[in-house]
Amino acid sequence: AFALLLTGCAGGGAGETSGASGNAAKVAAGVDTDTVNYALPPNATPNWILPIGTAGKMATHNYSISQSIWSPLMTFDGSKGEMKLDLETGIADKMDYAANGKSVTFHLRDMHWSDGTAITTRDVEFWFNLIKANKEAWGGYKEGRLPDNITKIDYTDDKTFTLNFDKVYNQDWMSSTQLISIRPLPHHAW
């Protein structure tokens with residue numbers, strides 16, 4: 001945190017960087033930009049950073065670290081005074097529930113994995129396949145909920161897919177408790 005404070009307060013100098021817009025972050029000379037420091041509560045030791053939590057590994061500090069590494073499909077955010085869907089912070093840039101309430105269609109923004117490979121619906125499919133095949137071991141699983149309440153997934157193209165539900169659900173509940181669990185994973189690497 002101290003290094004970030006120094007970085008944020010650093011004036012001009014040899015360590016400055018600037019991008020095309022001139023608004024790039026300024027990094028003080030000698031600051032290691034390949035290292036992340038993370039504060040934890042006393043006696044807390046992270047023991048799980050993978051995007052699919054298992055029972056006994058879902059402590060808040062584990063989730064916080066995982067959340068910072070693996071972008072969610074979508075998020076619910078309350079930082080602006082109201083709890084609501086925030087499509088600016090996730091991988092999906094569009095989400096539309098069907099008029100009958102039995103499905104929701106997502107569109108993925110143009111994002112890439114750290115190796116430059118595009119994030120596609122195949123990465124979403126990979127996550128769903130892992131969850132469905134291992135739902136009893138997934139810490140977020142409760143019988144009748146995700147993935148049980150998804151009857152079919154239609155992958156329209158590399159950026160669009162539709163989840164079909166087993167019945168009509170309250171859309172706020174579905175979005176804020178079920179769909180926020182989806183974490184596209186790099187199928188090409190795993």
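**Close-up 1. The buried residues of helix H4.** Helix H4 spans residues 171-178, and its buried residues are Met174, Ser175 and Gln178. Their arc around the axis is only 115 degrees, so they sit on the same side of H4; the arc is taken from the directions between the helix axis and the C-beta atoms. Buried here means under 20% relative accessible area, with exposed being over 50% and partly exposed in between (1.4 Å probe, protein chains only). Helices (H or I, at least four residues) and strands (E, at least two) are DSSP runs, numbered from the N terminus. This is a predicted model: local features need pLDDT of at least 70 and side-chain atom pairs pLDDT 80 or more, while totals for chains, interfaces and linings use all residues. Residues are numbered from 1 along each chain as its sequence is written, and side-chain values use heavy atoms, leaving out hydrogens and water.

**Close-up 2. What H4 packs against, and how it starts.** Strands S1 (75-77), S3 (92-97) and S6 (160-165) pack against the buried residues of H4. At the start of the helix, a side-chain oxygen of Asn170 comes to within 2.8 Å of the backbone nitrogen of Asp172.

**Close-up 3. Asp86 in strand S2.** Asp86 belongs to strand S2 (residues 84-86) and counts as buried because its relative accessibility is 11%. A polar atom of its side chain lies 3.0 Å from the backbone nitrogen of Glu88. Setting aside neighbours within four places in sequence, Asp86 is in contact (heavy atoms within 4.5 Å) with Thr75 and Asp77.

**Close-up 4. A cis peptide bond at Pro147.** Leu146 and Pro147 are joined by a cis peptide bond, with omega about 5 degrees. Pro147 is in the loop between helix H3 (121-133) and strand S5 (150-155).

Key:
A polar contact is a pair of N or O atoms within 3.5 Å; within protein, one must be able to donate a hydrogen and the other to accept it, and residues adjacent in sequence count only if both atoms are side-chain atoms.
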